[in-house]
Amino acid sequence: MNRKNIIYLILIFGTLIFINACYYDKADLLYPTSAIATCDTSGVISYSQRVVPILQSQCYGCHSATGGSGNINMSNYANDKVIGLNGKLYGSISHSKGYFAMPQGGNMMSSCDQAVINKWITSGCLNN
Ligand code: HEC
């Protein structure tokens, strides 16, 4: 094989690898529904069935007793409604400026969990 052919081969393989990399980088843009389809925020969000399990797994560890962290006991509806309506619940889970980022020292809540809680709040923090 002469030099020219080798250079052509390198160019062809290089282009193939480049195209492939672009395809995988953009897979989430090409198929956006796969991520959205698993997050159901339609209809009325149930406090007991949707919100409590999220808070239980990610917040109760530090906030489930009187005098808990930040003096917030999140294991009852009345208290959750207070922080829901005063903006602290969504402010903390969305890591908004001016709020304590929660869960403290842990991974940010998934965008789906945030959306579920946000919808519960904007629907008036129902006890359902
Ligand atoms: C590892 C322990 C820990 C976990 C888990 C945790 N928090 Fe906190 N949280 C704290 C501490 C400690 C404070 C007190 C503020 C501070 O010292 O940073 C606090 C304070 C707060 C406050 C009050 C902030 C204020 O303005 O008074 C809110 C609201 C809050 N947390 C919400 C949450 C939510 C929602 C979750 C679950 C997504 C959560 N926290 C998970 C430790 C935790």
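**Ground rules.** I'm working with a predicted model, where local features need pLDDT of at least 70 and side-chain atom pairs count only at pLDDT 80 or more, while totals for chains, interfaces and linings use all residues. Residues are numbered from 1 along each chain as its sequence is written, and side-chain values use heavy atoms, with hydrogens and water left out.

**Entry on disulfides.** I reminded myself that a disulfide is a covalent bond between the sulfur atoms of two cysteines. The rule I used asks for a pair of cysteine sulfur atoms within 2.5 Å. How many disulfides does that give? I got one. C39 is joined to C112, with 2.2 Å from S to S.

Next I checked where the two ends sit. Helices here are DSSP runs (H or I, at least four residues), numbered from the N terminus. C39 is in the loop between α3 (33-36) and α4 (47-58), and C112 is in helix α8 (residues 111-122), so the bond ties together parts that are 73 residues apart in sequence.

**Entry on exposure.** I took buried as under 20% relative accessible area, exposed as over 50%, and partly exposed as in between (1.4 Å probe, protein chains only). C112 comes out partly exposed because its relative accessibility is 21%. C62 has 49%, so I put it down as partly exposed too. C125 has 1%, so that cysteine counts as buried.

**Entry on aromatic rings.** Rings of Phe, Tyr and Trp (its six-membered ring) pair if their centres lie within 6.5 Å; planes under 30 degrees apart are stacked, over 60 edge-to-face, and the rest tilted. I found two aromatic pairs. Y47 and Y77 have ring centres 5.2 Å apart and planes at 75°, so I logged the pair as edge-to-face. Y47 lies in helix α4 and Y77 in helix α6 (residues 77-85), so this pair ties together parts 30 residues apart in sequence.

Is Y47 buried or exposed? Y47 is buried, because its relative accessibility is 6%. The rings of Y47 and W120 have centres 5.2 Å apart and planes at 25°, so that pair is stacked. This one links distant parts of the chain: Y47 in helix α4 and W120 in helix α8, 73 residues apart. W120 is at 1% relative accessibility, so I noted W120 as buried. Y47, Y77 and W120 make up one aromatic cluster.

Methods. Helices (H or I, at least four residues) and strands (E, at least two) are DSSP runs, numbered from the N terminus.
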